[in-house]
Amino acid sequence: MDMKQFIQEMPKAELHLHIEGTVSPKRVLELADRNGVNIEFKSEKELLDAQDYGTPPLENFLKYHYMCSDVLRTGRDIFEITQDYLEKCVIENTRHVELSFDPQGHLERGIEFGELIDALNKARKDSPVSTQLVMCMNRDRTLESALEMLKLAEDYKDDIVGLGLDSVEEGNPPVKFQEYYDRGRELGFKLTAHCDCDQNNAVEHARQCIHDLGVHRIDHGVHVMDDPQLIEDVKERGITLTMCPTWRLGDPGPRRIPAIRKMLEMNVPACLNTDDPEEFASRYMSNMLSVVQEQGEFSAEEMTQFMRNAFVGSWIPDARRGAYLKELNAHLNTFKYKSDTS
Ligand code: ADE
Ligand code: ZN
């Protein structure tokens, strides 16, 4: 068994995945046509070419991301894209996904909250892949809007496991959403928030997430590594960093490899994720992991450790976690046995 096969067949979990970022250019065009939405790009090639985001990377990426999300207009659209993504997970050997969704944009486009959750659930229930939902607030919108969404989410506590924060970080510090997080914790939701890369006040934002919001995970969170105290804090509290060493069209390869190696060496709980697989050149799990493994020269044990961290950081019952971890260890042992005997 070579490394590629080892990674392809590895039982996987993905904790940082936006369902709106799984719509392929082909699908974007089909849905734009079906829903009568006029988008600026007219062919798959034009859409793919536009994935060279340039600078500022987060803002330009988000502009593309929201343009693609804009073609989603009905529960049927949400159902179909979720079904497509979960079919991909089967091929990727992804066993468990904590799937983020952005309700605010969908509601604005006319999908009701219940219809949105029903569509996600309809796709989830027929899939062999285990999934849980994470509701993400766009941080460039208001606290009031986030509190309204939380009120709606209260009726779907069996479906939504956690709350997150995404979108434009500049000027929108985590503490803007203090009340939303406090209320979410009281209601029993798990908590995460994006701390994106190379943002102003990145270290302070990570500190706010840990100490003010009291998150259980951080999405990305690479700048935790800039502060020795925050490194200790995430280790002590068991806060998993859901890193996404994705790369854009035109990049030489995965970003942030030195930081993720340092996380591994310092026992910082970090896992590897695709974020928005149809919007980055890194695409889906096996491809992203294989290129990260090759370019970072990570061993099979090290790749297994990242995946162990994902299962440990997931919000599933301990018995299921134990079963996944056993399966993961068995996969590593098979690889080692085959390598020793070949
Ligand atoms: N929405 C989708 N992907 C995102 C990311 N990586 N950062 C912030 N908001 C996002
Ligand atoms: Zn993200």
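Which order do the strands of the open sheet of four strands have, and is the pairing parallel or antiparallel?

Modeller: Happy to. Please keep in mind that this is a predicted model. The four strands follow the order β6-β7-β8-β9, and their pairing is parallel. The edges belong to β6 and β9, each of which has a single partner strand, so one side of each is left without a neighbour in the sheet.

Let's go through the inner strands. Strand β7, residues 217-220, pairs with β8 over three bridges in the parallel sense. Within that pairing, Arg 217 has Thr 240 in β8 as its bridge partner. On the other pairing, β8 (residues 240-243) runs parallel to β9 and is joined to it by three bridges, and Met 243 stands opposite Leu 272 in β9.

The side chains of β8 are worth a look too. In a regular strand, side chains alternate between the two faces of the sheet. Here Thr 240 and Thr 242 are on one side, with Leu 241 and Met 243 on the other; all of them are buried, and both faces of β8 are covered.

The zinc ion (ligand 2) has His 16 (NE2), His 18 (NE2), His 194 (NE2) and Asp 275 (OD) as its protein donors, at 2.0 to 2.3 Å. His 194 lies in strand β6 (residues 194-195), while Asp 275 is in the loop between β9 (270-272) and α13 (285-296), so this pair ties together parts that are 81 residues apart in sequence. Both His 194 and Asp 275 are buried. Written as a spacing pattern, the donor residues read H-x1-H-x175-H-x80-D.

Asn 267, in the loop between α12 (257-265) and β9, has a positive phi of about 55° although it is not a glycine. Asn 267 is exposed, with a relative accessible area of 60%.

There is also a second open sheet, of five strands, in the order β1-β2-β3-β4-β5 and again with parallel pairing. Its edges are β1 (12-18) and β5 (190-191), each with a single partner strand, so one side of each lacks a neighbour in the sheet. Further in, β2 (residues 94-101) runs parallel to β3 (residues 130-138), with six bridges joining them; there, Glu 98 has Gln 132 in β3 as its bridge partner. Six bridges also pair β3 with β4 in the parallel sense, and Met 137 has Leu 165 in β4 as its bridge partner. Seven of the seven residues of β4 (residues 160-166) are buried, so this strand is largely enclosed by the rest of the structure.

Finally, the largest pocket. Its volume is about 470 Å³, and 29 residues line it, with Pro 57, Leu 58, Asp 196, Cys 197 and Arg 255 nearest its centre. Helix α4 (residues 57-69) gives the most to this lining, with seven residues. By class, the lining has nine nonpolar, nine polar and 11 charged residues. In the loop between α3 (44-49) and α4 you will find Pro 56, which is joined to Thr 55 by a cis peptide bond with omega about 0°.

Methods. Residues numbered from 1 in each chain as written. Chains lettered and ligands numbered in written order. Predicted model: local features only at pLDDT ≥ 70, side-chain atom pairs only at ≥ 80, totals over all residues. Heavy atoms only, no water. Donors = N, O, S within 2.8 Å, 3.2 Å for Na, K, Ca; no water. Helix = DSSP H or I, 4+ residues; strand = E, 2+ residues; numbered from the N terminus. Buried < 20%, exposed > 50% of the residue type's maximum accessible area, 1.4 Å probe, protein only. Pairing = 2+ DSSP bridges. 1 Å grid on protein atoms, 1.4 Å probe; cavity = no way out; pocket = protein on both sides within 12 Å on 5 of 7 lines; lining within 4 Å. Points joined across faces, edges and corners; volume = space filled by probe spheres on them. Nonpolar A, V, L, I, M, F, W, Y, C, P; charged D, E, K, R; others polar.
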